[in-house]
Amino acid sequence: MERNTGLIVAMDVTRMDSAVEIASEVAECVDAIKVGYPLVLSEGLSVISRLADYAPVIADFKVADIPNTDELICEQVFKAGASGVIVHGFTGEDSLKACIDVARRYDGDIYVVSEMSHPGGAKYFQPIADEIASMAYEFGATGIVAPATRPERVKHLRSIIGDGLSIISPGVGAQGGKASDVIEAGANWIIVGRSIYNSENPKETAMELVTGIGI
Ligand code: 3DU
C-alpha cells in the first residue's frame, strides 16, 4: 500500500450504497478502505471489488483458523479483489505462514493483529503481543495492527518489528485515540471508522484527520 495520506477508512456501514457514496467522497483522502464483517455479511464479498474502484481494499476478517482453512479463506478474499487481509497471530506460525503464502501468490498484504485497541483487548493480548509482533516480522508479514488507544504500546511494538514492517492502527476518534500521538509513536497509518462514516461531512472529517497525521 502506498503511503500518501496515512489514513485508512474503516467502512463499517452495512449498505453498499452508503459505502460507495462515502468511498467516492473520501477517496482522495485515504490510502485504503478497510471492510469487515458488518459490510461483507450484509452485502456480500462483491463489496470488495466495488470499493476497490475507489482505493485498495483491506479485508479485516481477523482470520484465525487452522492453516488449511486460513488458506481457503485468504484465497477467496484475494480472488475477490482485496489488496490485503488482516489475520490473527495467536493461531500460530503455521496458520500465519499459510496466509502469507497465499498473499505472495496474489502480491497481496497480510497484517497481523498484535494487540487490540478496546479496553478488554489488553488483558489477553498484551502478554502475547511482543511474540506475535516478532513472529509477524520473522515470517515476512506486511505489518501489524496495533492500538491507537495506547500509543506507548505502538512505540514498544515498533521497537520490536523495526522499520521494515508497517503498523496500521485503529482506535482514533470514537475509541479515544489521537492521530498525531499514534503517528508520533510509530504507526504508518491510522484506521478510522465511525468518526468518518457517521460524520455530517465525511470528506471534511477525513481531511482534518489527514492534517492531524501531518505527512
Ligand atoms: O472505532 P472505529 O469506528 O474508528 O473503527 C475501528 C475499526 O478498526 C473497526 O472496523 C474495528 O473492527 C477495527 N479494529 C479495531 O477497532 C481494533 C482492533 O484492535 C482491530 C480492528
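Author: Arginine 15 has a relative accessibility of 49% and therefore counts as partly exposed (buried is under 20% relative accessible area, exposed over 50%, partly exposed in between; 1.4 Å probe, protein chains only). The model is predicted, so local features need pLDDT of at least 70 and side-chain atom pairs 80 or more, while totals for chains, interfaces and linings use all residues. Residues are numbered from 1 along each chain as its sequence is written, and side-chain values use heavy atoms, without hydrogens and water.

Arginine 15 forms a salt bridge with aspartate 17, their closest N and O atoms lying 2.5 Å apart (a Lys or Arg side-chain nitrogen within 4 Å of an Asp or Glu carboxyl oxygen), and aspartate 17 is likewise partly exposed, at 43%. The structure holds ten such salt bridges.

Another of them joins lysine 34 to aspartate 60, with the closest N and O atoms 2.6 Å apart. Because lysine 34 belongs to strand 2 and aspartate 60 to strand 3 (residues 57-63), this pair ties together parts that are 26 residues apart in sequence (DSSP runs numbered from the N terminus: strands E, at least two residues; helices H or I, at least four). Both lysine 34 and aspartate 60 are buried.

Arginine 153 is buried, at 14% relative accessible area, whereas aspartate 130 is partly exposed, at 28%. Through salt bridges with shared partners, Glu115, Asp130, Arg150 and Arg153 are joined into one network.
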